[in-house]
Amino acid sequence: MMPKLVQDFIPKSNGNRPGFAMTPEYITVHETGNRSAGANAEMHGRFIKNPSTAASWHITVDDGDVAIQHLPFNENGWHCGDGRDGTGNRKSIGIEICVNSDGDFEKAKQNAAFIIRDLMDRFNIPMSKVVQHWDWSRKNCPQNIRANEGFPAFKQRIPASVNAAPTKPAAKPAPKPSGKSIDQLADEVIAGKHGTGDARKKSLGSQFAAVQARVNEKLGAKPKPAAKTNAQLAQEVIDGKWGNNPQRNQRLNSAGHNASAVQAEVNRILGGGKSTASNRKSIDQLAREVINGKWGNNPQRSQRLKAAGYDANAVQRRVNQLL
Ligand SMILES: [Zn+2]
């Protein structure tokens with residue numbers, strides 16, 4: 001059934017109501033691209049009247065009984081992306097179909113088809129001039145229609161008269177069980193042979209759920225990263241990725257590593273030997289090593305000192321004194 005078209009025009013003072021005179025020659029089909037719950041025609045009717053909204057179009061249609069007209073049909077809107085003087089922007093009526101997740105997209109498409117028929121009749125627009133946003137500027141819009149049924153199939157929905165029954169595109173016959181294994185079909189899905197979304201459901205028919213589960217398994221079955229070695233972990237400690245102690249040891253242990261083994265490796269890499277009180281270096285020794293370049297430059301130097309369990313600030317103060 002033809003939805004009722006309610007006029008709620010964009011204020012003339014808005015920047016998105018350019019007001020160029022138009023004789024409609026085309027109808028351009030869009031999708032709002034807004035999947036949010038509640039992003040229906042009424043919501044877009046409010047949005048488009050906001051002075052900060054840049055785009056404009058003529059009609060928003062959702063799954064309800066009422067579609068909203070935002071501009072008179074003898075004025076242009078900005079919805080085609082083909083420029084100020086583009087044929088799309090200056091000679092086409094723009095229709096946005098809502099894709100809100102709490103709406104019935106199938107019904108919204110049927111409603112749009114009726115409105116398109118009505119406009120074709122009113123302005124003597126032929127089917128060849130019912131086009132998609134993509135035709136004007138290669139934007140992937142109307143996105144779901146393009147990805148699933150395709151725009152030519154969508155146009156098959158446009159009834160011969162506004163009084164006709166809703167039309168569905170000719171459904172492809174559901175495939176019979178093909179003799180292929182679930183595994184083979186899953187590989188075909190991954191190779192893109194069964195499309196996406198509704199097209200994939202149609203293509204796989206009763207096997208859809210089983211095949212999809214296998215696809216998910218295959219795509220999710222990435223090999224686990226190999227466990228890190230203490231040498232790798234030590235380098236990460238030196239690079240500062242594990243912070244400083246005592247939190248560093250806690251983090252390492254809670255991640256399932258052996259913090260004391262990692263610390264020993266850090267000390268070995270940094271030349272500190274075993275981290276025992278007996279061979280701890282004095283601040284003075286360390287400062288001289290720093291001056292001799294043994295600990296590199298900052299900010300890595302200070303991180304290395306901290307990683308080795310020393311007080312980098314104290315060492316730096318001593319370096320400054322010595323210099
Ligand atoms: Zn669009």
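**View 1. Contacts of Lys 306.** Lys 306 touches Asn 244 and Ala 312, leaving aside residues up to four places away in sequence. Contact here requires C-beta atoms, placed from the backbone, within 7 Å. The model is predicted: local features need pLDDT of at least 70, side-chain atom pairs count only at pLDDT 80 or more, and totals for chains, interfaces and linings use all residues. Residues are numbered from 1 along each chain as its sequence is written. Lys 306 sits in helix α14. Helices are DSSP runs of H or I with at least four residues, strands are runs of E with at least two, and both are numbered from the N terminus. Is Lys 306 buried or exposed? Lys 306 counts as buried because 20 C-beta neighbours lie inside 10 Å. The cut-offs are 20 or more other C-beta atoms within 10 Å for buried, 12 or fewer for exposed, and partly exposed in between.

**View 2. Helix α14 against helix α15.** The axes of α14 (residues 300-307) and α15 (residues 312-322) come within 9 Å and cross at roughly 125°. Axes are lines fitted to C-alpha atoms, for helices over the stretch in contact, and angles run from 0 to 180 degrees between N-to-C directions. The two helices are therefore oblique to each other. Under 35 degrees counts as roughly parallel, over 145 as roughly antiparallel, 65 to 115 as roughly perpendicular, and the rest as oblique. Ser 302, Leu 305 and Lys 306 of α14 meet Ala 312, Val 315 and Gln 316 of α15.

**View 3. Strand β5 and its partners.** Six of the six residues of β5 (residues 92-97) are buried. Ser 92, Gly 94 and Glu 96 point one way, and Ile 93, Ile 95 and Ile 97 the other. Strand β2 (residues 26-31) runs parallel to β5, joined by six bridges. Ile 27 has Ile 93 as its bridge partner in β5. Strand β3 (residues 59-61) is also parallel to β5, with three bridges. Here Thr 60 is partnered by Glu 96.

**View 4. The open sheet.** Six strands line up as β1-β4-β3-β5-β2-β6, with mixed pairing. Pairing takes at least two DSSP bridges between two strands. β1 (4-7) and β6 (130-132) stand at the edges with a single partner strand each, so one side of each lacks a neighbour in the sheet. Neighbouring strands are turned by 30° against each other on average, direction ignored. Helix α3 (residues 105-123) packs on the sheet, and its direction makes about 165° with that of β5.

How values were computed. Contact = placed C-beta atoms within 7 Å.
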